[in-house]
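Trainee: I would be grateful for a close look at a single part of this chain. Please treat its geometry, its surroundings and its place in the fold in turn.

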Amino acid sequence: MLEDYLHILIFLVVAFLIGLAPRVMGSLLGPRRPGLEKDSPYECGFEAFENARMKFDVRYYLVAILFIIFDLEIAFLFPWAVVLEELGLGGLIAMVVFLGILVVGFIYEWRKGALEWE
C-alpha cells in the first residue's frame, strides 16, 4: 500500500530540492551589499511605523481586489475543467455566471485605473 505513494514522496522531495537550490545558490554566490534602503521594511508603499490613521492610496485595495479576481478564477477553473463532462450544461452555465461576475469586477478595476500604475 505504501508503494502506491512512493511517486508522491519522490515528487515532494524533488519539488523541495528545486525550491531550495536557488536559495542556497543565491546565498553562496550572490553579492552582499547591505544598505539602509535594502534593510528597511517595506509595507504597502509607506513607512511601517507611522501614525495608524494616516491616509494612503486606494490603489492598494484595488490591487488586492485584482489578486482575488484572478486567484479565484484560476483556483476554480482547474477543478471545473476536470469534471466538465460530468457536470453537463448546468455546470457550464454556472461557470459562465461565475466568470461573468469576475469580469464585472475586472471592468470595475479597469475603469478605476488600477491597471495603470504611475
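Mentor: I begin with a pair of helices in this predicted model. The angle between the N-to-C directions of α3 and α4 is roughly 165°, and angles over 145 degrees count as roughly antiparallel; α3 and α4 are therefore roughly antiparallel to each other. Their axes come within 10 Å, and the crossing of α3 past α4 is left-handed. Two packed helices are described in just these terms, the angle between their axes and the distance between the axes.

Directly after α4 comes Gly113, whose phi is positive, at about 85°.

As to burial, Gly91, Met95, Leu102 and Glu109 are the buried residues of α4. Their cover includes α3, residues 59-82, the helix with which α4 makes the left-handed crossing.

The wider setting is as follows. The chain is built with four helices and zero strands, in the order α-α-α-α along the sequence. It has 118 residues, of which 8% count as buried. Among its contacts between residues at least 6 apart in sequence, 61% link residues at least 24 apart.

Methods:
Residues numbered from 1 in each chain as written. Predicted model: local features only at pLDDT ≥ 70, side-chain atom pairs only at ≥ 80, totals over all residues. Heavy atoms only, no water. Buried < 20%, exposed > 50% of the residue type's maximum accessible area, 1.4 Å probe, protein only. Helix = DSSP H or I, 4+ residues; strand = E, 2+ residues; numbered from the N terminus. Contact = heavy atoms within 4.5 Å. Axes fitted to C-alpha atoms, helices over the stretch in contact; angles between N-to-C directions. Parallel < 35°, antiparallel > 145°, perpendicular 65-115°, else oblique. Left-handed = near helix turned anticlockwise from the far one by under 90°.
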